[in-house]
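Got your viewer open and ready? Let's take a walk through this one, one selection at a time.

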Amino acid sequence: RMLVVLALHAEGALGLEVGEPAERQRRGHARDGWIERERGVVRHADDALRTVQTDDLEAARALYVKGRALSELQRHAPARGALEDAALLFAKHEARQQEASCWREVGEIHIAQDDLPGAVEALRSGLEALNPSRSRA
């Protein structure tokens, strides 16, 4: 028992993390669970899209959720497509804040891909969506 204590103390003195393999394994399990959760979100969003064929706003919400989940999974191209489709549907129904949220997410995807011109364009689209002169009033 004394040897274990000395070994742990020596690892700490050398700057090694005690229990590092177990911690890596725990993080790996957490990451696997997170990935599976995001994949489940994508599946549920696809199911919702099949059932809301005539309700554009519900379809836009499902596309937004799907786009966010795909973005978390680093599937940037399909995420961007889903978010842009959602933005267009929200714009059609003058849901400006939701449209702006979609464009913000698209901008974040462009940033993650080091595409600053694309990010600026998407973020500007989001600001334009919030422009009060766009409303019918």
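Start by selecting residues 56-72, which make up helix α3 in this predicted model. Helix α3 has 17 residues and reaches 24 Å from its first C-alpha to its last, close to the 24 Å expected at 1.5 Å a residue.

Now zoom in on the start of α3 and pick aspartate 55. A side-chain oxygen of aspartate 55 comes to within 3.2 Å of the backbone nitrogen of leucine 57.

Next, colour the buried residues of α3, which include Asp56, Ala59, Ala60, Leu63, Tyr64 and Leu70. Lys66 and Ser71 are among the buried ones too.

What does phenylalanine 90 touch, not counting residues up to four places away in sequence? Show Leu57, Ala60, Arg61 and Tyr64, then Ala95, Gln98, Glu99 and Cys102, and you have the list.

**Two loop stops**

Follow the chain out of α3 and you get to glutamine 74, in the loop between α3 and α4. Is glutamine 74 buried or exposed? Glutamine 74 is exposed, because its relative accessible area is 57% and the cut-off for exposed is over 50%.

Now jump to glutamate 94, in the loop between α4 and α5. Glutamate 94 also isn't a glycine, and it has a positive phi of about 55°. With a relative accessible area of 35%, glutamate 94 is partly exposed.

The structure holds four salt bridges, and we'll visit some of them. As background, side chains of opposite charge can pair when their charged atoms come close.

Select aspartate 56 and lysine 92. They form a salt bridge, with the closest N and O atoms 2.6 Å apart. This pair links distant parts of the chain, since aspartate 56 sits in helix α3 and lysine 92 in helix α4, 36 residues apart. Aspartate 56 is one of the buried residues of α3, whereas lysine 92 is exposed, with a relative accessible area of 55%.

Next, select glutamate 105 and arginine 68. Their side chains meet in a salt bridge at 3.5 Å, N to O. Glutamate 105 lies in helix α5 and arginine 68 in helix α3, so the pair ties together parts that are 37 residues apart in sequence. Glutamate 105 is buried, with a relative accessible area of 10%, while arginine 68 counts as partly exposed at 35%.

Arginine 104 forms a salt bridge with glutamate 105, and here the closest N and O atoms are 3.1 Å apart. Arginine 104 is partly exposed, with a relative accessible area of 39%. Which residues do salt bridges with shared partners join into one network? Arg68, Arg104 and Glu105, the trio you now have selected.

Note on methods. Residues are numbered from 1 along each chain as its sequence is written. This is a predicted model: local features need pLDDT of at least 70, side-chain atom pairs count only at pLDDT 80 or more; totals for chains, interfaces and linings use all residues. Side-chain values use heavy atoms; hydrogens and water are left out. Helices (H or I, at least four residues) and strands (E, at least two) are DSSP runs, numbered from the N terminus. The expected span of a helix is 1.5 Å times one less than its number of residues. Buried means under 20% relative accessible area, exposed over 50%, partly exposed in between (1.4 Å probe, protein chains only). A polar contact is a pair of N or O atoms within 3.5 Å; within protein, one must be able to donate a hydrogen and the other to accept it, and residues adjacent in sequence count only if both atoms are side-chain atoms. Contact means heavy atoms within 4.5 Å.
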